[in-house]
Amino acid sequence: MDAVTTPSVLFVCVHNAGRSQMAAGFVRALAGDRIEVRSAGSMPAEQINPIAVAAMAEVGIDITAEQPKVLTTEAVQASDAVITMGCGDACPFFPGKRYEDWGLEDPAGQGIEAVRPIRDDIRARVEALVAELAPLG
């Protein structure tokens, strides 16, 4: 599959430490190389939320190697779909891009019991997104 036909998605949250990292992890696990995935934050944290890492490990997805990244204009321009998660006005807007805002609770400072339902909500949303962007045959 060449780069022209591979859809790309960018997940953006404030710290790029929880929600957007979990969403990117699910896209990688569910779509493989059928979707190019990026994640970024308007104010990236120092590291990924360890509770988000633990919640993803429970479902067999390892996001320990990921690092929070700063949101760039280039990342938005290079993406077909931009999924925001509570970054509000900090997310740049470009005409012609597909934007969705997923109203998800922030897992920062929450225990694993509170993060599991956020993770499961993200998984359901990602499954629908993958089916839409890169349907199988």
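This is a predicted model: local features need pLDDT of at least 70, side-chain atom pairs count only at pLDDT 80 or more; totals for chains, interfaces and linings use all residues.
**Reading strands, a helix and a core**

Trainee: In what sense do E1 and E3 pair, and over how many bridges?

Mentor: E1 and E3 also pair in the parallel sense, over 5 bridges, and the partner of Val 12 in E3 is Thr 84.

Trainee: How many of the residues of E3 are buried?

Mentor: A residue is called buried when its relative accessible area is under 20%. By that cut-off 5 of the 5 residues of E3 are buried, so the strand is mostly covered. Both faces are covered, with Ala 81, Ile 83 and Met 85 on one side and Val 82 and Thr 84 on the other.

Trainee: How should I read a helix, and what are the length and covering of H1?

Mentor: An α-helix has 3.6 residues a turn, so residues three or four places apart point the same way. Helix H1 covers residues 19–31, and at 1.5 Å a residue its 13 residues should span 18 Å, which agrees with the 18 Å between its end C-alpha atoms. Because 10 of those 13 residues are buried, H1 is largely enclosed by the rest of the structure. Among the buried ones are Arg 19, Gln 21, Met 22, Phe 26 and Ala 31, and what covers the buried residues includes E1, strand E2 (36–41), helix H2 (50–57), E3 and H4. H1 is followed by Gly 32, whose phi is positive, near 60 degrees.

Trainee: Which residues of the largest nonpolar core touch the most other members?

Mentor: That core has 32 residues, and Val 9, Phe 11 and Val 126 touch the most other members. E1, H1, H2, E3 and H4 each supply at least two of its residues, while H4 gives the most, with 8. Leaving aside neighbours within four places in sequence, Val 126 is in contact with Phe 11, Ala 23, Phe 26, Val 27, Leu 30 and Trp 102. There is also a second, separate core of 8 residues, which includes Val 12, Ala 40, Leu 71 and Val 82.

Trainee: How are aromatic rings read as a pair, and how many aromatic pairs does the count come to?

Mentor: A pair of aromatic rings is described by the distance of the centres and the angle of the planes. Here the count comes to 1 aromatic pair. The ring centres of Phe 11 and Trp 102 are 5.8 Å apart with their planes at 55 degrees, so the pair is tilted, since a stacked pair would need planes under 30 degrees apart and an edge-to-face pair over 60. The pair links distant parts of the chain, 91 residues apart, with Phe 11 in strand E1 (residues 8–13) and Trp 102 in the loop between strand E4 (98–101) and helix H4 (112–133). Phe 11 counts as buried at 0% relative accessibility, and Trp 102 counts as buried at 3%.

Trainee: Turning to a loop residue, is Asn 49 buried or exposed?

Mentor: Asn 49, in the loop between E2 and H2, is buried, with a relative accessible area of 12%. Its side chain reaches the backbone oxygen of Pro 107 at 3.4 Å. Apart from its neighbours within four places in sequence, Asn 49 is in contact with Ala 17, Pro 107 and Ala 108.

Terms used:
Residues are numbered from 1 along each chain as its sequence is written. Side-chain values use heavy atoms; hydrogens and water are left out. Rings of Phe, Tyr and Trp (its six-membered ring) pair if their centres lie within 6.5 Å; planes under 30 degrees apart count as stacked, over 60 as edge-to-face and the rest as tilted. Helices (H or I, at least four residues) and strands (E, at least two) are DSSP runs, numbered from the N terminus. Buried means under 20% relative accessible area, exposed over 50%, partly exposed in between (1.4 Å probe, protein chains only). The expected span of a helix is 1.5 Å times one less than its number of residues. Contact means heavy atoms within 4.5 Å. A nonpolar core is a set of buried Ala, Val, Leu, Ile, Met, Phe, Trp, Tyr and Cys residues joined through side-chain atoms within 4.5 Å. Two strands pair if DSSP finds at least two bridges between them. A polar contact is a pair of N or O atoms within 3.5 Å; within protein, one must be able to donate a hydrogen and the other to accept it, and residues adjacent in sequence count only if both atoms are side-chain atoms.
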